[in-house]
Amino acid sequence: MKEKIGTDVILDCTHTIAEPLFKNTVYPWEVLSSIGDFIMKLGPTLPKNEYDMVGENIWIAKSATVAPSACLNGPLIICDKAEIRHCAFIRGNVIVGKNAVVGNSTEVKNSILFDCVQAPHFNYVGDSVYGYKSHTGAGVIASNLKSDRSNVVICIDGEKIDTGRKKFGAVIGDYVEVGCNSVLNPGTVIGKNTTVYPVSRVRGYVPEGSIYKKADEVIEKYLPDVDA
């Protein structure tokens, strides 16, 4: 399992201020129970010439852009040059990385968005981790609670991992593209460099470097040799 969905396989943790939180984890979702405490410890240590403390347990980089209509709840860190757009709703226990975008009417709770993540236009990001330069199109939902309220279980290659969490949305690897109006069911894990077609219903593990058309049609993605 670790060789496919381990933290170091799916995410480059050098691209988040939360890198220490991921240290010694096997799987990325292990950090979800510790985001709030991590922010509370890190926030007061952030350079005062770079961050403002706004409200209770909210630290915003001076270079970040926050729309006046956005609703922000702590604990929360918004990093350098991030953009929080009109009517965004951040519910707390959230880290928004450098140059990341939280779009209009997008709701985020208990999640980490790595640097350069884009979650614009009516997204819901619940109890999730979005990797470096990942992008979700308009209306993408990371659903974080099963209808029967049981623990979220991840199925991969016929094996099951009980995450021990009732609320867990998605882990999206670096450079992932998720098409508009897709739903990521609880416990979705998408390997890096993968593309998900619009209006998809995704469940479980999607391999790295693939194209997800529908549950029974996942094909290998052509990736040019950038070193050539």
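# Close-up views of a predicted model

**View 1. The second largest pocket has a volume of about 150 Å³.** This is a predicted model, in which local features need pLDDT of at least 70 and side-chain atom pairs count only at pLDDT 80 or more, while totals for chains, interfaces and linings use all residues. Residues are numbered from 1 along each chain as its sequence is written, and side-chain values use heavy atoms, with hydrogens and water left out. A pocket is an open set of points on a 1 Å grid over the protein atoms alone, where a 1.4 Å probe fits, with protein on both sides within 12 Å along at least five of seven lines; lining residues have an atom within 4 Å of a point. Its volume is the space filled by probe spheres set on the points, which are joined across faces, edges and corners. Among the lining residues are Lys2, Asp8, Glu19 and Phe22. Helices H2 and H3 (19-22) each supply at least two lining residues, and H2 gives the largest share, three. Helices (H or I, at least four residues) and strands (E, at least two) are DSSP runs, numbered from the N terminus.

**View 2. Threonine 7 lies in helix H2 (residues 7-10).** Threonine 7 counts as buried because its relative accessibility is 2%; buried means under 20% relative accessible area, with a 1.4 Å probe and protein chains only. Beyond its neighbours within four places in sequence, threonine 7 is in contact (heavy atoms within 4.5 Å) with Cys13, Phe22, Thr25, Val26, Tyr27 and Pro28. Threonine 7 also belongs to the lining of the second largest pocket.

**View 3. Strand S1 (residues 51-53) and S2 run antiparallel, joined by three bridges.** Two strands pair if DSSP finds at least two bridges between them. Methionine 53 stands opposite tryptophan 59 in S2. Four residues lie between the strands of this hairpin, where glycine 55 takes a positive phi near 70°.

**View 4. Strand S2 (residues 58-61) has buried residues pointing both ways.** In a regular strand the side chains alternate between the two faces of the sheet. Here Ile58 and Ile60 point one way, and Trp59 and Ala61 the other. Three bridges join S2 to strand S5 (residues 76-78), and these two run parallel. In this pairing, isoleucine 58 stands opposite leucine 76.

**View 5. The largest pocket holds about 180 Å³ of space.** Its lining includes Lys146, Ile154, Asn185 and Arg203.

Notes
Buried means under 20% relative accessible area, exposed over 50%, partly exposed in between (1.4 Å probe, protein chains only).
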